[in-house]
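Here are my comments on the model, as numbered points. Please read them with the structure open.

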Amino acid sequence: MKVLEKNYFWMLLPLLHLIANAAEHEEVAKHAIKLHRGKGAAIMQRKQWVLDSCRKLSGLLRQKTVVLNKLKSAIRAVEKDAGLSDEEKLFQVHTFEIFQKELNESENSVFQAIYGLQRALQGDYKDVVNMKESSRQRLEALREAAIKEETEYVELLAAEKHQVEALKNMQHQNKSLSMLDEILEDVRKAADRLEEEIEEHAFDDNKSVKGVNFEAVLRVEEEEANSKQNLTKREVEDDLGLSMLIDSQNNQYILTKPRDSTIPRADHHFIKDIVTIGMLSLPCGWLCTTIGLPTMFGYIICGVLLGPSGLNSIKSIVQVETLGEFGVFFTLFLVGLEFSPEKLRKVWKISLQGPCYMTLLMIAFGLLWGHLLQIRPTQSVFISTCLSLSSTPLVSRFLVGSARGEKEAGDLDYSAVLLGMLVMQDVQLGLFIAVMPTLIQAGASTYSSIVMEILRILVLIGQILFSLAAVFLLCLVIKTYLIGPYYRKLHMESKGNKEILILGISAFIFLMLTVTELLDVSMELGCFLAGALISSQGHMVTEEIVSYIEPIRDFLAIIFFASIGLHVFPTFVVYELTILMVLTLAVVIMKFVLAALVLSLLLPKTSQYIKWIVAAGLAQVSEFSFVLGSRARRAGIISREVYLLILSVTTLSLLLAPVLWRAAITKCVPRPDRRASL
């Protein structure tokens, strides 16, 4: 009983502090301090204090009922008042309703607190799960209360604004306005209508949507806003600077669309990040060129230095990665310009069969090692598929601009075979992303449901094959009827104005990647096909477009490779260098051997020598393993440790790729071609 009384005391104290008058607040607070310190009151006195507090609470609830009745009478009186306009009636009634809502919410808070205390007293203090559930329920109640209070605050701001406008209207009616004042008044009314038309009410529209969660976040103002000491709180909230929101999981959010779309805004953090990457990429690229490494590794080092494992100066990581994706798009477009449809027809069988065989062999070896190491089959399949992919942008950097000598009759160009297989791997990437949800469910399914999951995977494969057929049929139509007239018209309109040509080509790239995305095929394939279609217009057209698009590609590629460096963690690599080197060498050697084995079965005898070059180009792990790994980690397919291992092995394999490529070129390519490829 003593414990119950004490708990009621601590529950009633904040409630009485909120709803009693000022004198009663002070008296209750002083008495509570004496009780808490053990001074003064005896047991009977404490009982009497609890009873008095309950009586006060009961009296306040009765008083609340009386006030509600008076408010209802006031609302009826306003509605019957013929001297008020309809707008003024609505405003006064709405004000009374806000006060009614405040009274009802205060009463609900009292009984929610009592219910929470009752649930806590009935629980087992040793049961962590029960305490966690109680804490979660209290947190949900607080979130809902915060949302209601926020809504009420917004309504009060609107009522205040209406009141000020009504006062201005009364003043304007009592005095004559000049012509300038009348113009400004008309402009003000038009601006108010504009704000009402473009305002989306996104908060109210989405708060009741299924799957939406209320969370507590911190709003961090920019340093510029905090440094302005003479600003009021309202002026700071309306400042043009961008606030940052941080949730309880330490995720950081930046404004994407402001409430007032009439005021231009800029993400200064993102601007500073791009400027910093651009400045630091120059010395890093020079350094790699000096020591004989490709410049892309300098850009990756730039990302490492600026990222979380270095200076941690990049604030808009997601935005930088998003911009870097355009580097991949334009890189694959330029690759497609060199990969003409004629080359595609020569190697399409190898390009289609080779990656499929390699992926199946990698999965088979992964399941074997997973069984020996007691790894779940779902995890083994994911890791094997992830490691089977190779980096298209990296190999494209090796091949773009490299001239090839004349081949003997029947010989295949290793660049055509290599790029064809890489593009097919990009298609597999899109397929694997589509299958991932089913793979997640299969990990926790019973044997009876596994059959259904396999059927779902087969259906997905059928959909992807249908989408690929639709894409290539569309490409055939575009090549036959559209691409020629489109380019001639574009070239004619762009005489003396290369902006039109650049814009037209970019629009075509974006159209193709949008089509492939809508058909559930990777956007990268759309960019590649856009280049291949334009290359069908001839060598002169290709050279002209390359001269315009290449500078754009180079800048965006810097951003892309720097974004890769943001996910490289040198300290982790140093701590686990031995095991990471062993794993990386094992993956690289296995991919090289499997690629050479598959190509030896698919290539004609006259072109067998290029299998070593193609295998060397495929013997690394794609940077898209970062994307797949992050999705798998969020879905629970792999653990944090496995995710870090995949990132580290991918990074080390990319670092080893130039060495292996140069060795294969030196060994297998004739001297004239060797100089061009190196």
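**Notes on the model**

1. Glu550, Arg553 and Asp554 are joined in a network of salt bridges. A salt bridge here is a side-chain nitrogen of Lys or Arg within 4 Å of a carboxyl oxygen of Asp or Glu. Arg553 pairs with Glu550, with closest N and O atoms 3.4 Å apart, and Arg553 also meets Asp554 at 2.9 Å, N to O.

2. This is a predicted model, in which local features need pLDDT of at least 70, side-chain atom pairs count only at pLDDT 80 or more, and totals for chains, interfaces and linings use all residues. Residues are numbered from 1 along each chain as its sequence is written, and side-chain values use heavy atoms, leaving out hydrogens and water.

3. Arg553 and Glu550 both sit in helix α20 (residues 539–565), 3 residues apart, about one turn of the helix. Helices (H or I, at least four residues) are DSSP runs, numbered from the N terminus. Arg553 is buried because its relative accessibility is 3%; buried means under 20% relative accessible area, exposed over 50%, and partly exposed in between (1.4 Å probe, protein chains only). Glu550 is partly exposed at 29%, and so is Asp554 at 32%.

4. How many salt bridges does a search of the whole structure find? The search finds 4. One of them joins Lys489 to Glu493, with the closest N and O atoms 3.1 Å apart. Both residues lie in helix α17 (residues 447–493), 4 residues apart, about one turn of the helix. Lys489 is partly exposed at 49% relative accessible area, and Glu493 is partly exposed at 46%.

5. The whole structure was also searched for disulfides (pairs of cysteine sulfur atoms within 2.5 Å), and 0 were found. Cys284 is in no disulfide, and its nearest cysteine sulfur, that of Cys302, is 5.2 Å away. Cys288 is in no disulfide either; its nearest cysteine sulfur, that of Cys284, is 7.2 Å away. Is Cys288 buried or exposed? Cys288 is buried, with a relative accessible area of 1%, and Cys284 is buried at 9%.

6. Ser380 lies in helix α14 (residues 377–388). Why does Ser380 count as buried? Ser380 counts as buried because its relative accessibility is 5%. Not counting residues up to four places away in sequence, Ser380 touches Gly366, Leu367, Gly370 and Ile375, where contact means heavy atoms within 4.5 Å.

Terms used
Helix = DSSP H or I, 4+ residues; strand = E, 2+ residues; numbered from the N terminus.
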